[in-house]
Amino acid sequence: MNQKNLLEVDWSKIPAPTDDGAADHLEGMQIPPVSLRATDDTLVTLSELPGRVVIFAYPRTGEPGKVSLVEDWDMIPGARGCTPHACAFRDLFGELKAAGAASVFGLSTQSNAYQAEMASRLHLPFPVLSDEKLELTEALHLPTMEIAGLTMIKRLALIVDDARITHVFYPVFPPDRNAADVLDWLKGNPV
């Protein structure tokens with residue numbers, strides 16, 4: 001399937017993911033001391049960041065005009081929508097910061113080079129972290145899916161306060177509404 005427009009999605013035709021309980025253990029967990037490469041070419045150690053941090057994770061962004069990873073990508077529950085997910089956080093970035101987020105990060109298992117292209121193309125005002133080696137994913141036992149021989153994080157969002165996960169959004173659907181849900185939660189739970 002050719003990915004012509006990654007932003008225009010009819011969510012009524014996309015299967016929604018179900019809550020499989022794979023994120024139930026995350027709330028209350030301490031973020032481990034893992035350093036990840038960011039699209040601004042820094043190393044970020046989430047466990048060292050003070051204050052409230054928002055992290056949204058997604059399986060894999062596509063590239064306009066390129067062939068999907070697998071033919072039925074859109075029919076895999078939770079797979080489609082990574083670009084709208086990231087763009088929604090981009091569009092609400094200022095409001096998320098105003099509502100108490102000291103930092104906002106995207107997170108996937110894609111390489112830093114792949115993510116850097118996407119972050120530049122989409123004009124993201126926040127870094128995206130690469131967990132290509134699955135260090136954070138395995139340390140936190142994040143929910144994952146295996147597709148075409150690749151391990152990808154299932155879509156979720158984490159609110160982290162002083163390196164401890166205080167709230168988890170999982171499953172996330174539709175992805176383009178997650179940033180607004182996170183913003184509403186931040187407004188209702190000030191630091």
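**Salt bridges, aromatic pairs and a buried histidine**

Student: Which side chain meets that of Lys-13 in a salt bridge?

Tutor: This is a predicted model, in which local features need pLDDT of at least 70 and side-chain atom pairs count only at pLDDT 80 or more, while totals for chains, interfaces and linings use all residues. Residues are numbered from 1 along each chain as its sequence is written, and side-chain values use heavy atoms, with hydrogens and water left out. A salt bridge requires a side-chain nitrogen of Lys or Arg within 4 Å of a carboxyl oxygen of Asp or Glu. At 3.9 Å, N to O, the partner of Lys-13 is Asp-10.

Student: Is Lys-13 buried or exposed?

Tutor: Buried means under 20% relative accessible area, exposed over 50% and partly exposed in between (1.4 Å probe, protein chains only). Asp-10, at 38%, is partly exposed. Lys-13 has a relative accessible area of 60%, so it counts as exposed.

Student: How many residues apart in the chain are Lys-154 and Asp-20?

Tutor: These two form a salt bridge, with their closest N and O atoms 2.6 Å apart. Lys-154 sits in the loop between β7 (150–153) and β8 (156–161), and Asp-20 in the segment before β1. Helices (H or I, at least four residues) and strands (E, at least two) are DSSP runs, numbered from the N terminus. The separation in the chain is 134 residues.

Student: Why is the pair of Trp-11 and Phe-173 edge-to-face rather than stacked?

Tutor: A search of the whole structure finds five aromatic pairs. Rings of Phe, Tyr and Trp (its six-membered ring) pair if their centres lie within 6.5 Å; planes under 30 degrees apart count as stacked, over 60 as edge-to-face and the rest as tilted. The centres of Trp-11 and Phe-173 are 5.7 Å apart, and the pair is edge-to-face because the angle between the planes is 80°.

Student: At what angle do the planes of Phe-56 and Phe-89 lie?

Tutor: Phe-56 belongs to strand β3 (residues 52–57) and Phe-89 to helix α1, so their pair ties together parts 33 residues apart in sequence. Phe-56 is buried at 0%, and Phe-89 is buried at 0%. The pair is stacked, with 4.1 Å centre to centre and an angle between the planes of 5°.

Student: What is the relative accessible area of His-85?

Tutor: His-85 lies in helix α1 (residues 82–91). Its contacts (heavy atoms within 4.5 Å) include Phe-56, Tyr-58, Arg-155 and Asn-178, not counting residues up to four places away in sequence. His-85 is buried, with a relative accessible area of 0%.
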